[in-house]
Amino acid sequence: MKKLLSVVAAAMALTLTFTACGGASTKNSSANAEKTGSEPITITFEQFSGAGDNEVYLKKMIDVYTAQNPNVTIKLQSFGYDDYFTQLTAKISGGKAPDVFELNYENFVSYAQKGALTPLDDIIKEKNIDTSIYNEKALNAFNLDGKQYGVPNSFSNVVLIYNKDLFDKANVAYPTDDWKWADAMAAAEKIRALGKDIYGYYHPITYHEFFKTVQQNGGNLLSKDATAFTINSKENVETLQYLVDMQRKSNVMPTSEQMGGMGDWDLFKSGRLGMIINGIWSFPDFARDCDFEWDIAVEPSNTQKATHFFSNSYVISKDSKVAEEAAKFIAFISSDKAATQIRLDAAWELPPVNDADIIDQYIQKTPPANRKAVFKSLDYLITPPVVSQFTEMQDIVTRHLKDAADGNVTPQQALDAMQAECQEKIQLTK
């Protein structure tokens with residue numbers, strides 16, 4: 001598994017260095033255009049990354065596929081991320097799993113190890129599905145113990161997004177890719193001084209943000225060999241104190257009470273937030289709804305740079321009766337030229353394909369003007385801890401982080417309790 005983790009960062013770096021510019025494969029398109037016959041086939045398909053505004057683009061991809069394969073019907077059901085895995089686990093346990101479903105990188109190993117997925121190797125070979133369109137190492141991110149269980153459908157990372165108008169009003173220089181935490185805090189405090197309801201910075205205190213941010217301070221949640229928890233280390237306590245102080249000390253970040261039920265995206269779009277740490281998947285929403293100028297930079301750090309790697313894949317249930325057609329379908333919506341162009345036109349994350357034209361089109365889109373920061377961030381990719389009890393670990397970490405963010409306990413107390421509970425309940429495996 002450690003080997004797998006190491007190749008993922010390299011995978012996305014290679015994907016975006018423009019050195020592997022094979023372009024879309026006509027072999028892939030041809031394979032997907034093949035008809036399987038006149039027998040009606042229904043594929044049930046559940047996913048989360050295309051929920052909300054992006055579902056319309058996913059439906060366009062499906063329409064293209066079903067036009068090429070008129071005997072196939074795709075029954076799409078979308079869920080928000082918060083609800084997705086709970087309902088998926090229940091369906092799998094009850095023998096009612098959808099034929100095709102989406103998994104993120106963090107959860108993939110758990111589902112594969114539990115035998116919930118169909119290995120794709122034989123189908124890929126028999127149906128002549130061309131996987132060369134994918135970056136080889138990115139594809140390998142969803143390979144476990146020599147078996148391919150899924151194909152990547154997207155990748156994304158997280159950047160610093162900032163309101164240029166508020167920076168101008170505060171007479172603060174725009175963020176650079178070399179910023180440190182101290183630079184961000186200094187700017188945030190000047191923007192916070194602009195008004196009672198104006199805030200400088202929003203950095204979510206969540207599981208996904210915490211495992212990354214501790215690495216910006218030289219910390220980690222696990223030991224280097226991933227056999228022990230290191231949650232309450234000095235570096236991690238300093239990191240959580242830094243995050244909590246944003247709310248409870250400098251108040252450059254609003255507390256939950258000050259948010260009053262408003263979401264962080266809505267706060268940014270209201271023009272009352274200077275900076276937000278967020279994923280590149282927010283670009284379409286911000287481009288549509290922000291009536292002020294905004295741009296991006298690589299995330300600030302403290303002792304070393306660290307930025308997220310997120311990747312999702314489409315997999316096939318072990319119980320699917322239409323696995324062969326389902327394999328053709330997931331190959332199409334993840335890598336076919338027509339499907340990736342739809343994703344690109346929607347500015348909906350990045351398709352993980354070796355297509356120089358697709359990547360160049362992505363860079364040319366504005367806003368943000370500094371899209372090169374998306375690719376520069378790849379120099380600092382880190383991957384999340386991958387354990388078979390991922391959901392349980394995430395729940396434990398999230399609960400204790402909330403206690404600290406709410407001011408119920410100190411960061412040291414929160415991380416001490418988190419360390420003890422993880423040691424008691426989470427089994428670490430290599």
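The legends below describe close-up views of a predicted model.

Residues are numbered from 1 along each chain as its sequence is written, and side-chain values use heavy atoms, with hydrogens and water left out.

**View 1. Confidence along the chain and the stretch 1-36.** The average pLDDT (the predictor's confidence in each residue, from 0 to 100) is 88 for the chain, and 90% of the residues score at least 70. Over residues 1-36 pLDDT stays under 50. For this stretch the model has 81 contacts (heavy atoms within 4.5 Å) beyond four places in sequence. Where pLDDT is low, the predicted coordinates should not be read in detail.

View 2. Helices (H or I, at least four residues) and strands (E, at least two) are DSSP runs, numbered from the N terminus. The strand order is 2-1-3-12-6, with mixed pairing; two strands pair if DSSP finds at least two bridges between them. Strand 2 (72-78) and strand 6 (150-156) are the edge strands, each pairing on one side only. On average, neighbouring strands of this sheet are turned by 25° against each other, direction ignored.

**View 3. Strands 3 and 12 with helix 5.** Five bridges link strand 3 (residues 100-104) and strand 12 (residues 310-316) in the antiparallel sense. Phe 101 stands opposite Val 315 in strand 12. Helix 5 (residues 105-113) packs on the sheet and touches strand 3 and strand 12. The direction of helix 5 makes about 120° with that of strand 3.

**View 4. Helix 3 against the sheet and helix 15.** Helix 3 lies across strand 1 (41-47), strand 2 and strand 12, and runs at about 170° to strand 2. The axes of helix 3 (residues 55-68) and helix 15 (residues 323-335) come within 10 Å and cross at roughly 130°. Axes are lines fitted to C-alpha atoms, for helices over the stretch in contact, and angles run from 0 to 180 degrees between N-to-C directions. Helix 3 and helix 15 are therefore oblique to each other; angles under 35 degrees count as roughly parallel, over 145 as roughly antiparallel, 65 to 115 as roughly perpendicular and the rest as oblique. Helix 3 contributes Met 61, Ile 62, Val 64, Tyr 65 and Gln 68 to the contact, and helix 15 contributes Glu 325, Lys 328, Phe 329, Phe 332 and Ile 333. These residues divide into seven nonpolar, one polar and two charged (Ala, Val, Leu, Ile, Met, Phe, Trp, Tyr, Cys and Pro count as nonpolar, Asp, Glu, Lys and Arg as charged, and the others, Gly among them, as polar).

**View 5. Helix 11 crossing helix 20.** The axes of helix 11 (residues 234-248) and helix 20 (residues 411-425) come within 9 Å, crossing at roughly 130°. Helix 11 and helix 20 are therefore oblique to each other. From helix 11 the contact includes Asn 236, Val 237, Leu 240, Gln 241 and Val 244, and from helix 20 Pro 411, Gln 412, Ala 414 and Leu 415. Six of the contact residues are nonpolar, three polar and none charged.

**View 6. Cis peptide bonds at Pro 367 and Pro 368.** Thr 366 and Pro 367 are joined by a cis peptide bond with omega of about -15°. The bond from Pro 367 to Pro 368 is also cis, with omega near 0°. Pro 367 lies in the loop between helix 17 (356-364) and helix 18 (372-376).

Conventions: Predicted model: local features only at pLDDT ≥ 70, side-chain atom pairs only at ≥ 80, totals over all residues.
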